[in-house]
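Here is a short briefing on one protein model. Please look over the fold first, then the details.

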Amino acid sequence: MTQEMTVKQKRLFDMTQPLDDSGCWIWQGQVSNSGYGRIMVSDTDNTVKMVSAQAASYQQFIAEVPDGYLVKQSCGSRLCINPQHLMLLKI
Ligand SMILES: [Zn+2]
């Protein structure tokens, strides 16, 4: 990624181990029972909630996740949060 990251983007990126071969950013933080990364984030109204790491990444690097959608990895790695490997999936 060549463009400047915002503080929040950098904070997420710093919690990953980027892999050279696949380009995956492997999450190094908390992992849920289902095997996905997770992170506490504060909402716009300052309520704190637990979201998946990939959803947090999608929100910071791409856009808000619309209601009724999940963020999934197109590369197949549950711990990858590289925004270029993320896609929306209708629930
Ligand atoms: Zn990936």
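The points below go from the whole chain to single residues.

This is a predicted model: local features need pLDDT of at least 70, side-chain atom pairs count only at pLDDT 80 or more, and totals for chains, interfaces and linings use all residues. Residues are numbered from 1 along each chain as its sequence is written. The protein chain has 2 helices and 6 strands. Helices (H or I, at least four residues) and strands (E, at least two) are DSSP runs, numbered from the N terminus.

**Overall fold**

- Read from the N terminus, the order of elements in the protein chain is α-β-β-β-β-α-β-β.
- The radius of gyration of the protein chain is 12 Å, close to the 12 Å from the globule rule for 91 residues, so the chain is as compact as a globular protein of that length.
- That radius is taken over C-alpha atoms, and the globule rule is 2.2 Å times the number of residues to the power 0.38.
- Along the principal axes, the C-alpha atoms of the protein chain fill a box of roughly 40 × 30 × 20 Å.
- Of the 91 residues in the protein chain, 24% count as buried.
- A residue is buried if 20 or more other C-beta atoms lie within 10 Å of its own, exposed if 12 or fewer, and partly exposed in between; C-beta atoms are placed from the backbone.
- Among contacts in the protein chain with a separation of 6 or more, 34% join residues 24 or more positions apart.
- Two residues are in contact if their C-beta atoms, placed from the backbone, lie within 7 Å.

**Helix α2 and the core**

- The largest nonpolar core has 14 residues, and Ala53, Ala56 and Ile81 touch the most other members.
- Both β2 (25-27) and α2 supply at least two residues each to this core.
- The top contributor to this core is α2, with 4 residues.
- A nonpolar core is a set of buried Ala, Val, Leu, Ile, Met, Phe, Trp, Tyr and Cys residues joined through C-beta atoms within 7 Å.
- Helix α2 is mostly covered, with 7 of its 9 residues buried.
- Those buried residues of α2 are Ala53, Gln54, Ala55, Ala56, Ser57, Tyr58 and Gln60.
- Their cover includes α1 (7-13), β2, β3 (38-42), β4 (48-52), β5 and β6 (86-90).
- Leaving aside neighbours within four places in sequence, Ala53 is in contact with Trp27, Gly29, Tyr36, Gly37, Arg38, Ile39 and Ile81.

- Ser57 lies in helix α2.
- Ser57 counts as buried because it has 27 C-beta neighbours inside 10 Å.
- Beyond four places in sequence, Ser57 is in contact with Leu12, Ile81, Pro83 and Leu86.
- Leu86 belongs to strand β6.
- Leu86 is buried, with 21 other C-beta atoms within 10 Å.
- Setting aside neighbours within four places in sequence, Leu86 is in contact with Gln54, Ser57, Tyr58, Val71 and Gln73.
- Leu86 and Tyr58 are 28 residues apart along the chain, yet their C-alpha atoms are separated by 6.9 Å.

- Strands β3 and β4 pair in the antiparallel sense over 5 bridges.
- Two strands pair if DSSP finds at least two bridges between them.
- In β4, Val51 is the bridge partner of Ile39, and Lys49 is the bridge partner of Val41.
- The two strands β3 and β4 form a hairpin with 5 residues between them.
- Asn46 sits in the loop between β3 and β4.
- Phi of Asn46 is near 70 degrees, a positive value in a residue other than glycine.
- Most residues other than glycine have a negative phi.
- Asn46 is exposed, with 6 other C-beta atoms within 10 Å.

**Val65**

- Val65 is in the loop between α2 (53-61) and β5 (69-73).
- Val65 counts as partly exposed because it has 18 C-beta neighbours inside 10 Å.
- Apart from neighbours within four places in sequence, Val65 is in contact with Ala55, Tyr58, Gln59, Val71 and Leu88.
- Val65 and Asn82 are 17 residues apart in sequence and 15 Å apart in space, C-alpha to C-alpha.
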